[in-house]
Amino acid sequence: MTPTRPLTLCPDVTACDTDDGMVLLDGRRGRYWQLNATGALILRALLRGDDGARIAEELACARPVTAEQAGQDISDLITRLTEARLVEEQTTP
C-alpha cells in the first residue's frame, strides 16, 4: 500500500521518540506500538509527506538493503499501521 496523500496520525494516537526509535500510543485502546530506528525514520518521513519511493532510495543508499526491498518494507509498514488504525491519509491539504 502506497498512500496517495500524506499520512497523519489518527486521532487519539500520540508519537513519542525514544533512544532507539519511536512509540505510538493508541489512547482509544490503551495499547502502544514500538518502532525501531528504521521504522521511526520511515514514519517521520511519511508524516512529512515524503514519497515512499524516495524514502526507499535513501534507505538503499544508507543501509544494506535494495531500493526494491526497502519499498516493500515501507509498504508493509504502512499497511500494518493503517490496519491498526494508527495512521490514515490526510483528508485536507
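Reply: Arg85 is partly exposed, because its relative accessible area is 49% (buried means under 20%, exposed over 50%, and partly exposed in between, with a 1.4 Å probe and protein chains only). The residue lies in the loop that joins helix α3 to strand β5 (87-89) (helices, H or I with at least four residues, and strands, E with at least two, are DSSP runs numbered from the N terminus). Its phi is positive, near 60 degrees, although Arg85 is not a glycine. The model is predicted: local features need pLDDT of at least 70 and side-chain atom pairs pLDDT 80 or more, while totals for chains, interfaces and linings use all residues. Residues are numbered from 1 along each chain as its sequence is written, and side-chain values use heavy atoms, without hydrogens and water.

A second residue with this backbone feature is Asp12, a non-glycine residue whose phi is positive at about 70 degrees. Asp12 belongs to the loop between β1 (7-9) and β2.

Asp26 is part of strand β3. With a relative accessible area of 3%, Asp26 counts as buried, whereas Arg85 is partly exposed.

Strand β3 belongs to an open sheet of three strands in the order β2-β3-β4, with antiparallel pairing (two strands pair if DSSP finds at least two bridges between them). Strands β2 (13-18) and β4 (31-36) are the edges, each pairing on one side only. On average, neighbouring strands of this sheet are turned by 20 degrees against each other, direction ignored (axes are lines fitted to C-alpha atoms, for helices over the stretch in contact, and angles run from 0 to 180 degrees between N-to-C directions).

On one side of β3, six antiparallel bridges join it to β2. These two strands form a hairpin with two residues between them, and Asp17 stands opposite Met22 in β3. On the other pairing, β3 (residues 21-26) and β4 are also linked in the antiparallel sense over six bridges. Here Val23 has Gln34 in β4 as its bridge partner. Helix α1 (residues 37-48) packs on this sheet and touches β2, β3 and β4, its direction making about 100 degrees with that of β4.

The loop from α1 to α2 contains Asp51. Asp51 is partly exposed, at 47% relative accessibility. Although 45 residues separate Asp51 from Pro6 in sequence, their C-alpha atoms are 8.4 Å apart in space.

The axes of α2 (residues 52-62) and α3 (residues 67-83) come within 8 Å and cross at roughly 130 degrees. In α2, the residues involved are Gly52, Ile55, Ala56, Glu57, Leu59 and Ala60. They meet Ala67, Ala70, Gly71 and Ile74 in α3.

Notes
Contact means heavy atoms within 4.5 Å.
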